[in-house]
Amino acid sequence: MKRIDAVYHVRGEAEFVDDAPRPAEMLYAAVFASPVAHGAILSLDTAAALALEGVAAVYTVADIPGQTLWGSIIADQPLLAKDEVTYVGQPIAVVVGKTAAIARQAVNRISLQVEERPPVLDPRQAFERGHIIGSPRTFVLGDVDQAWEQCDLILEGTCDIGGQEHLYLETQRARVIPQEGQALRVYSATQNPYAAQRTIAQMLGLPNHAIEVDVKRLGGGFGGKEEQATLWACLAALAAWRTHQPVELVLSRQEDLWMTGKRHPYISDFKIGVTQEGKILVYEVKHYQNAGAYADLSTAVLERSLFHSANAYFIPNVRISGASCRTNLPPNTALRGFGGPQAMFVMESAIAQVAEALGRPRGEIQSQNLLQLGDAFPYGQRLQTDGVRQTWREAEHIYRLAEIRDRIAQYNASHFETKQGYAVMPVCFGISFTATFMNQASALVHVYTDGSVSVTTGGVEMGQGLSTKIANLAVKAFGIGEQRIKIESTNTTRIANMSPTAASVTTDLNGQAMLLAIEQILARLKSVAAAQLGVDDPDRIAIINEQILYDGQPTDWTWDRLVATAFLTRTNLSAHAFYATPGIGFDRTKEKGTPFAYHVCGAAIVEVTLDCLRGTYKIDAVKIVHDLGRSVNPLVDRGQVEGGLAQGLGWMTIEDLQFNEKGRLLSKDLSTYKAPDVFFMPDEIAIQFLEDMENTTGPYGSKAVGEPPLMYGIGIFFALRQAMRAFKPQGEFAFASPLTPERVLCELYADELKEIAESIS
Ligand code: MTE
Ligand code: HPA
Ligand code: MOS
């Protein structure tokens with residue numbers, strides 16, 4: 001099946017929040033946000049803004065009737081700043097006017113007096129001052145302290161890991177339409193409709209049922225709309241509720257870039273101990289997560305970092321700790337991988353350091369320490385697949401790793417100003433929300449009398465192909481044609497208390513819920529068919545290609561006839577069903593349990609050519625073996641692998657978030673923030689699926705695919721490092737990302753740069 005929305009996208013007909021016809025009386029909101037990273041608000045003057053022709057109102061925190069603080073995990077974030085501002089871009093007031101241009105003009109007339117305070121931007125510094133969100137956490141396996149004594153080699157290092165902008169095509173936005181009484185209908189570009197619903201209700205002091213949130217689709221979310229879409233929906237809702245008029249709030253690209261949080265930068269200290277042969281005996285890591293000014297999802301992101309700190313390796317003794325450190329940056333948030341990528345980068349850095357010290361290829365250290373079936377993770381769960389070793393071996397074999405290694409060695413021996421490098425990147429990613437309670441979903445299925453089918457789930461289509469995969473599953477379960485199925489918008493009135501679309505589990509959870517609903521309807525339809533055919537056993541009835549079969553033999557009944565007859569015999573043709581992932585749980589007091597339903601594994605080989613005079617580089621190839629289970633839709637899944645890879649490669653290399661010392665984002669437009677484009681992508685991308693891997697948790701044996709492939713991109717850092725080493729064997733190269741061409745050049749010529757600097761001074 002092709003993507004069911006592709007035709008709408010290609011024709012420009014796909015509907016987003018602000019595509020529905022505009023109500024005549026709609027007002028447009030714009031946000032006045034803090035220009036400083038830290039300070040006390042002395043005064044706020046909105047008179048000039050209000051006086052502007054076409055301005056309807058200016059709202060501040062004083063206009064919020066209910067709760068003014070929000071946050072899904074810790075409600076510490078003001079919807080609008082009150083006495084204090086703690087990051088550049090923090091909303092202080094909302095202006096509504098007849099047009100968005102008028103509202104923005106009015107925003108520029110607001111004057112604010114702040115007493116500036118020095119901002120804290122460095123997570124380690126925040127940690128030392130005790131600015132910690134939640135509690136620091138530590139996972140332990142084995143006996144770390146005694147293990148150091150068994151080691152032949154112990155190395156320490158620090159990683160300085162950059163953040164990442166989500167760069168969804170559709171910026172943050174919401175449109176809110178007042179309804180009868182106090183009720184509001186909210187169209188929000190959110191991954192988390194229920195969070196928007198309950199937060200708006202709390203803000204206005206209303207019950208949840210007063211707020212209906214509807215999401216047709218997103219122009220990308222990538223985690224940036226899991227928590228952070230809520231704020232903009234709230235501000236639009238406040239204005240709509242106060243004015244009793246429809247209000248739309250759409251951030252411009254620049255506003256979105258400087259006002260919203262990003263992937264967390266981390267500073268992580270590691271210490272690793274190995275035997276002479278390269279067996280890793282012990283690993284210790286401390287993650288200082290740069291959380292930004294409020295909790296957001298930081299503690300959950302940190303938790304996933306702890307889970308993935310040893311990535312795809314078995315290490316008998318580990319101590320993994322981390323803290324979410326409060327700084328004066330915009331609150332950082334979910335971004336594809338959700339803390340996993342940072343943790344895996346540190347692990348790979350430690351292995352690189354070991355390989356360099358032992359004078360061995362990095363791949364050899366990696367491969368001898370890979371997890372195998374039954375191995376324990378530091379959090380107690382055991383690996384239920386041999387996918388880590390299987391995908392590595394498969395990649396080594398089908399892509400002829402030994403030949404790649406020899407070819408690159410030869411290339412480097414015969415080239416001076418360009419060098420090549422390669423790296424293998426294994427990934428083992430846990431599937432489930434780490435907060436066990438979130439692993440639940442429901443679905444609502446209607447069969448209409450004409451045989452057409454309406455499906456609503458709690459999952460949001462955000463480009464990842466969810467609605468196509470849900471439709472695939474419905475077609476398969478019902479045994480009817482795809483033109484019969486309509487995937488409805490995600491709506492809090494049709495589906496209550498939904499989890500966000502996140503953690504790559506949306507098809508798993510919502511697909512299973514829908515299959516349960518379909519099962520109920522099918523059981524009823526089969527009873528009707530059995531009665532009509534005069535047979536006893538409904539289980540011997542099947543529906544295939546819209547034909548009703550009995551014992552595998554065609555009858556003269558079709559889907560249309562059966563549905564129409566079921567209706568006339570008063571059969572319920574609708575079902576709602578609920579699914580909760582079985583067998584998972586985690587004890588945070590012991591930091592042990594079975595947090596994940598299963599793990600997704602894979603391995604990627606990344607090959608690069610580096611221009612050592614310019615610092616620029618080209619990605620020659622990325623060759624992947626990825627475990628998908630039995631794919632529901634191989635085309636969609638391939639797209640997810642490629643897209644995740646692109647985002648991972650960009651994060652490691654060219655996506656460079658620059659803040660100045662006052663906490664102001666300098667790379668706040670697309671001429672200064674570079675994201676991968678088609679020219680940046682590898683010349684060759686090979687993807688091989690391990691399709692024979694069974695999965696008993698996913699629908700029809702499928703596996704989650706959204707996030708794990710991002711981490712293949714980490715390989716490029718180590719491929720580049722190898723090329724740099726080939727040029728400058730004794731160079732001191734930091735484990736700092738992104739490894740931009742500029743940074744490559746500075747590291748290759750560090751000695752020369754130092755000399756020049758000294759001669760100038
Ligand atoms: N793919 C596209 N095209 N757009 C997106 O916003 N988000 C990613 C991933 N793939 C995203 C995407 C993220 S962060 C997650 S968690 C998953 O999709 C969520 O969807 P799923 O649970 O259906 O995989
Ligand atoms: N992954 C993604 N999003 C989440 C998670 C998670 O584990 N927990 C809460 N939100
Ligand atoms: Mo994805 S970061 O879990 O939205």
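Predicted model: local features only at pLDDT ≥ 70, side-chain atom pairs only at ≥ 80, totals over all residues.
Figure 1. The side chain of E226 places an N or O atom 2.6 Å from a nitrogen atom of ligand 2. An oxygen atom of ligand 2 is 3.1 Å from a polar side-chain atom of R304. At T434 the contact involves the backbone, where a polar atom lies 3.1 Å from an oxygen atom of ligand 2. Ligand 2 taken alone exposes 260 Å², and the protein buries 98% of that area.

Figure 2. A nitrogen atom of ligand 1 is 2.8 Å from a backbone N or O atom of M462. Backbone atoms also approach oxygen of ligand 1: a backbone N or O atom of V505 lies 3.2 Å from an oxygen atom of the ligand, and a polar backbone atom of S504 is 3.5 Å from an oxygen atom of the ligand. Of the 530 Å² that ligand 1 exposes when taken alone, the protein buries 92%.

**Figure 3. Helix α12 and its buried residues.** Helix α12 spans residues 387-398, 12 residues in total. The distance from its first C-alpha to its last is 16 Å, close to the 16 Å expected at 1.5 Å a residue. Within α12, the residues G387, V388, T391, W392 and A395 are buried. These residues lie on the same side of α12 because they cover an arc of only 130 degrees around the axis.

**Figure 4. E546 in the loop between β23 and β24.** Strand β23 covers residues 541-544 and strand β24 covers residues 547-550, with E546 in the loop between them. Is E546 buried or exposed? The relative accessibility of E546 is 16%, and E546 therefore counts as buried, the cut-off for this class being under 20%. The side chain of E546 makes a polar contact with the side chain of R484, at a distance of 2.7 Å.

Notes: Residues numbered from 1 in each chain as written. Chains lettered and ligands numbered in written order. Heavy atoms only, no water. Polar contact = N/O pair within 3.5 Å; in protein donor to acceptor, adjacent residues only side chain to side chain. Areas by Shrake-Rupley, 256 points an atom, 1.4 Å probe, with all protein chains shown as cover. Helix = DSSP H or I, 4+ residues; strand = E, 2+ residues; numbered from the N terminus. Expected span 1.5 Å × (residues − 1). Buried < 20%, exposed > 50% of the residue type's maximum accessible area, 1.4 Å probe, protein only. Arc of directions from axis to C-beta.
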